[in-house]
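Please look over the sequence and the 3D structure shown here before reading on. The notes after them are meant to be read alongside.

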Amino acid sequence: MGASEAALQLLSGELSCQVRTSSILAKSKSLLCYEHCFKTRNCGDWRYKQIKGLKKLQNCSRLHAFRGLHSVFCGEKLHNWSNLLICNCQQPERVSEIIIKGGNGKSMHTVSPKIPNHTPDEQNMKQENGARSFSEGFKTAATVNSRPRNNTESIEDEAWHFLRAAMVYYCGNPVGTIAANDPSEATMLNYDQVFIRDFIPSGIAFLLKGEYDIVRNFILHTLQLQSWEKTMDCYSPGQGLMPASFKVRTVPLDNDESATEDVLDPDFGEAAIGRVAPVDSGLWWIILLRAYGKCSGDLSLQERVDVQTGMKMILRLCLADGFDMFPTLLVTDGSCMIDRRMGIHGHPLEIQALYYSALLGAREMLAPEEASTDLVRALHNRLLALSFHIREYYWIDVKKLNEIYRYKTEEYSYDAINKFNIYPDQIPPWLVEWMPNKGGYLIGNLQPAHMDFRFFSLGNLWSIVSSLANIDQSHAILDLIEAKWEDLVADMPLKICYPALEGQEWRIITGGDPKNTPWSYHNGGSWPTLLWQLTVACIKMKRPEIAEKAIKIAERRLARDRWPEYYDTRRGGFIGKQARLFQTWTIAGYLVAKLLIANPEAAKMVINVEDTELLSAFSSILSSNPRRKRSRKGIKQSFII
């Protein structure tokens, strides 16, 4: 059967996309397929143009499309129809380019023109794992991980080998990387799943290597998992929520035991330890979408109707009005990288930095249309308010510390100096001794009568990357890291937070969490994956020597210690007591750091430059009155600073 004939039969519904028909489908060199997954859908009168080997098809009454909740096709909103995302394809051929046009000639979906082929290693892994049961493929990869590195193989070569061994395939195509590939662990919990936040450094590494397929597939498949009606005790989260993770399962077909199908099973937090929805997943998804466009040059992905719709849903969820008076995003404990009880509920810096970066990225990518006018206006207003709020109230250095030390309390009025009624006695003794004369940082959290003075690495580093911190503050953060190198880096970069909660404070705030004991895991543990954020921040501020020093320290131990998830003790001297080995984002974080040091220009894919319009508005506010009072008169903006 020729390519054109196979495609014609497929479009007319004569071929089903099941494993048993894969031998027929494999003969077609170019199939009209929406990301390799098919469901019959009446789409009226459409015209299709296929670049390779197919004639133009007119008046086609059926389009096989893979449907996710709230994706838009043919001008109609599609609704949730299943709890699992199912595809019966085994290994469909890749589409070179498809242009689907309506009667008005408007392009609805365009698959990227030419994406580089997989590398030999990836092809071998693809043939090895294919569309088999994930657990079987996992065991194969885990066995490979135990092999020692030979004398001629560099640490980077080993890291690439392990990163590819962690790749997950859906219908024969790469869609992500599992969280950890530790062959010594009998119980994997959810470490054998693809986490959105964990995949980000993996995705950046593949982009830097010119391997765009896996990132594109990841973006589209996670998009189609968005806002499924998953519940926790009969309660559904808001529309637009991205899953924390998903797992590929291969299950037998009901009517044919010899045939199987691949299933994507998402987790929105309803199965996670602590049952907390991931606030950062959607923000990271937008950041990766922007990075894909900037690195690959393929802007057709972000211009797709379903991608635009998914991005708007995330924004509407984050920009929704509520009871909170602050422009920062209000979240629960455990909603980000620190996914356990650690006293970060409220307005943690990490979420605010990712939020700011995602808002800037979305503003770049949103298609200009009248329907988005209100959303863009709300987005712009929030950016201005958020940047002012963080820069003004989260910043701490010796000067600001002395100012807080002399605060008056119980101030009422719009021109109050101590706006959040912070009590000077809240200043912890460790901070008075620890704060260097040169340098500063953004505190971890701010709420009424509460300042969390802990230093959180990811929030501060991403504030530099996203330009949430201004230029002076960005340099001061790096100055502090250099001044407190022995506390924040020491034997393994980089402390997730400093200092650790200890004693009665640890028992009260964490509930006596046995995994978050002092100087372990999230409570002051060292996380090598933070190397790549440190590298991007240093490159942006033209201080790469800081990152290079940290990378050299990490290289002494990462491969020897078998790429642990995290390290324990004050200096990061021990492998974490519950750390998984061959942790994927440890491996990917190291690779991204090395690739960016070798090619600093590539860091621009995730960097947000200072917005001149926001900077002008921000400067105007400060110049008019550094202690700006907010009066009831003459304020038209819908944000509060």
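This is a predicted model: local features need pLDDT of at least 70, side-chain atom pairs count only at pLDDT 80 or more; totals for chains, interfaces and linings use all residues.

Residues are numbered from 1 along each chain as its sequence is written, and side-chain values use heavy atoms, with hydrogens and water left out.

**Whole chain**

- The protein chain has 22 helices and 20 strands; helices (H or I, at least four residues) and strands (E, at least two) are DSSP runs, numbered from the N terminus.
- Of the 641 residues in the protein chain, 60% are buried, where buried means under 20% relative accessible area (1.4 Å probe, protein chains only).
- Among contacts between residues at least 6 apart in sequence, 71% join residues at least 24 apart; a contact means heavy atoms within 4.5 Å.
- The chain exposes about 26,700 Å², and carbon and sulfur atoms supply 51% of this area, which comes from the Shrake-Rupley method with a 1.4 Å probe.

**Helix H5**

- Helix H5 spans residues 155–165 and is mostly covered, with eight of its 11 residues buried.
- The buried residues of H5 include Trp160, Phe162 and Leu163, and also Glu158 and Arg164.

**Helices H8 and H11**

- Two packed helices are described by the angle between their axes and the distance between the axes.
- The axes of H8 (residues 280–296) and H11 (residues 349–365) come within 9 Å and cross at roughly 45°; axes are lines fitted to C-alpha atoms over the stretch in contact, and angles run from 0 to 180 degrees between N-to-C directions.
- That angle makes H8 oblique to H11, because angles under 35 degrees count as roughly parallel, over 145 as roughly antiparallel, 65 to 115 as roughly perpendicular and the rest as oblique.
- Residues making the contact include Leu283, Trp284 and Ile287 of H8, and Leu354, Tyr355 and Ala358 of H11.

**Residue His389**

- His389 lies in helix H12 (residues 373–393) and is buried, with a relative accessible area of 2%.
- Leaving aside neighbours within four places in sequence, His389 is in contact with Phe326, Pro327, Thr328, Tyr394, Phe420 and Leu446.

**Residue Asn181**

- Asn181 sits in the loop between strand E9 (173–177) and strand E10 (194–195).
- Asn181 is buried, with a relative accessible area of 1%.
- Asn181 and Leu163 are 18 residues apart in sequence and 9.3 Å apart in space, C-alpha to C-alpha; Leu163 is one of the buried residues of H5.

Note on methods. Buried means under 20% relative accessible area, exposed over 50%, partly exposed in between (1.4 Å probe, protein chains only).
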